[in-house]
Amino acid sequence: MNNLNKDLIELAKRLIAVPGYAELEEKETKTAQALHQELCGMGLPAELTDHGGRYNVSCEYRGKLPGPAVVLCTHLDTVPPYEMPEAFRGSIEDGKLYGRGAVDVRGILAAMSMVMKQLFAEQPKICGSVRFLAVSDEESGSYGMRQELKRGYAADLTIVGEPTDLQIGAAHKGVAWLQVDFRGKAAHGSVPEEGHNAVYDGTRFVHTLIHEVIPELKQNRVHPLLGAASVNVGRMDGGTRPTIVPELCRIQLDRRLVPGEDAARAMEEIRAAAHKANCGAADFETEILLGDESRPFPPLDSTPHAEVLQCLEEALAEVTGSRKPCIGLPFWTDAALPAYFTGKPAVVIGPGNIAQAHSNHEYVEIRQLEDSVKVYYAMVTSKAVRDALNQEVRKEGRHEIK
């Protein structure tokens, strides 16, 4: 193992050893402090920024000439250890690094740190800058990235580190959680005609979702990289006991949004389905539980930035030896937020497979982790990528940052 690889793996193990997740009183604060200390120990100009008790870590390398700002971004937090044995030990077996966060994303934190170390050591002549940004709270609501955006996030390209098997994710779906409460009238179960059964209203609504709404989404809401928009009935509650006609039926939905959709539009369609299912007879209320205008979880779609994506594919091919087209991802990431609010391209790429994330046997292949350092470095120093960014025309209709 050469020195770079040894330093990379040892850093990843040290980061795995520091628990940091939302269920802890200190959240991911200790991880932020540990990363900041590691970067400073490398002689890098790292900053630890307090956003109301949650911390982001950053470090920036500036070229000698002005030019595009490229951000390497990933997150500080993980999910809890759950039943993972020795979750914070960072063990190596059969060419794999095991531990909570090994793939999501302590390994990537280490890889991006090594990129910054290499930049300051080699001083490549780039036009513009490279910023490493490690944000809090990605697993629970993306507080850290949202705070960066509120405070004037500036990036011409954001490269977000998440496990993609080192393929470039140019798009993923957005997320909205929706709730529908059907309200009926309680009565004794022996005389149901004296009441109004809210569960029946909810059942007719679910039938409409299955037979009308979902087929419509599959036919007419389709993205070339992501497939169709979707809706899932995740929870349905109603009634208190068999002898009482239910006066409330609550249904909660997970709506996955393709580019061009938002939570408000999805909610209007759900209201229309509820009204149609019950011929306007049902009394119901709706609520957006997650993903409203004040805190959206929008889709990501960087495919309009075709030249930038092409140059990123070429930079990736230089390292891996094969040219692979961009893909769509099945999971949501922080990359959607800078793309949504700034109109600038954002992509997702990192070592490992998302199937390992959050599992009780989480790991990342060391070979891919090592390659990720080379890939990130090639992307942020690519003259072709920076030339393509310089040619980008400012997008119209940017969204206001809430």
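Axes are lines fitted to C-alpha atoms, for helices over the stretch in contact, and angles between them run from 0 to 180 degrees between N-to-C directions. The model shown in these views is predicted.

View 1. Helix α9 (residues 366-381) lies across β4, β5 and β18, and its direction is at about 65° to β18. The three strands form an open sheet in the order β4-β5-β18, with antiparallel pairing. β4 (91-93) and β18 are at the edges and have a single partner strand each, so one side of each is left without a neighbour in the sheet. From one strand to the next, the twist averages 25°. Helix α3 (residues 102-122) also packs on the sheet, where α3 touches β5 and β18 and makes an angle of about 55° with the direction of β18.

**View 2. The pairing of β5 with β18.** Strands of a sheet pair through backbone hydrogen bonds, either parallel or antiparallel. β5 and β18 run antiparallel and are joined by three bridges. Lys96 has Glu365 of β18 as its bridge partner. The charged end of Lys96 sits over the ring of Tyr363, at 4.4 Å from the ring centre.

**View 3. Aromatic pairs.** A pair of aromatic rings is described by the distance of the centres and the angle of the planes. The count for the model is six aromatic pairs. In one of them, the ring centres of Tyr98 and Tyr363 are 5.3 Å apart and the planes are at 50°, so the pair is tilted. Tyr98 belongs to strand β5 (residues 96-98) and Tyr363 to strand β18 (residues 363-365), so the pair ties together parts that are 265 residues apart in sequence. Tyr98 has 21% relative accessibility and counts as partly exposed, while Tyr363 has 18% and counts as buried. Tyr340 and Phe341 form an edge-to-face pair, with 5.0 Å from centre to centre and 80° between the planes. Tyr340 is partly exposed, at 26% relative accessibility, and Phe341 is buried, at 7%. Elsewhere, Phe182, Phe205 and Phe284 make up one aromatic cluster.

**View 4. Helix α4 and what covers it.** Helix α4 (residues 143-150) is mostly covered, with six of its eight residues buried. The buried residues are Gly144, Met145, Arg146, Gln147, Glu148 and Leu149. The elements that cover them include β1 (47-51), β2 (54-62), β3 (65-75), β6 (127-135) and α8. Arg146 lies over the face of Phe297, 4.6 Å from the centre of the ring. Just after α4, Gly152 has a positive phi of about 95°.

**View 5. Strand β9 and its two partners.** Strand β9 (residues 174-183) is mostly covered: eight of its 10 residues are buried. β9 pairs with strand β13 (residues 248-257) in the antiparallel sense, over 10 bridges. Here Val180 has Ile251 of β13 as its bridge partner. β9 also pairs with strand β14 (residues 283-290), again in the antiparallel sense, over seven bridges. In β14, Asp283 stands opposite Arg183.

**View 6. Thr333 in a loop.** Thr333 is found in the loop between β16 (327-329) and α8 (336-342). At 0% relative accessibility, Thr333 counts as buried; the cut-off for buried is under 20%. The side chain of Thr333 reaches the backbone nitrogen of Ala335 at 3.1 Å. Neighbours within four places in sequence aside, Thr333 is in contact with Glu138, Glu162, His172 and Val348.

**View 7. Glu318 in helix α7.** Glu318 is part of helix α7 (residues 306-320). With a relative accessible area of 67%, Glu318 is exposed. Glu318 and Val70 are 248 residues apart along the chain, and their C-alpha atoms are separated by 19 Å.

Terms used
Residues numbered from 1 in each chain as written. Predicted model: local features only at pLDDT ≥ 70, side-chain atom pairs only at ≥ 80, totals over all residues. Heavy atoms only, no water. Phe/Tyr/Trp six-rings, centres within 6.5 Å; stacked < 30°, edge-to-face > 60°. Helix = DSSP H or I, 4+ residues; strand = E, 2+ residues; numbered from the N terminus. Buried < 20%, exposed > 50% of the residue type's maximum accessible area, 1.4 Å probe, protein only. Lys NZ or Arg CZ within 6 Å of the ring centre and 35° of its normal. Polar contact = N/O pair within 3.5 Å; in protein donor to acceptor, adjacent residues only side chain to side chain. Contact = heavy atoms within 4.5 Å. Pairing = 2+ DSSP bridges.
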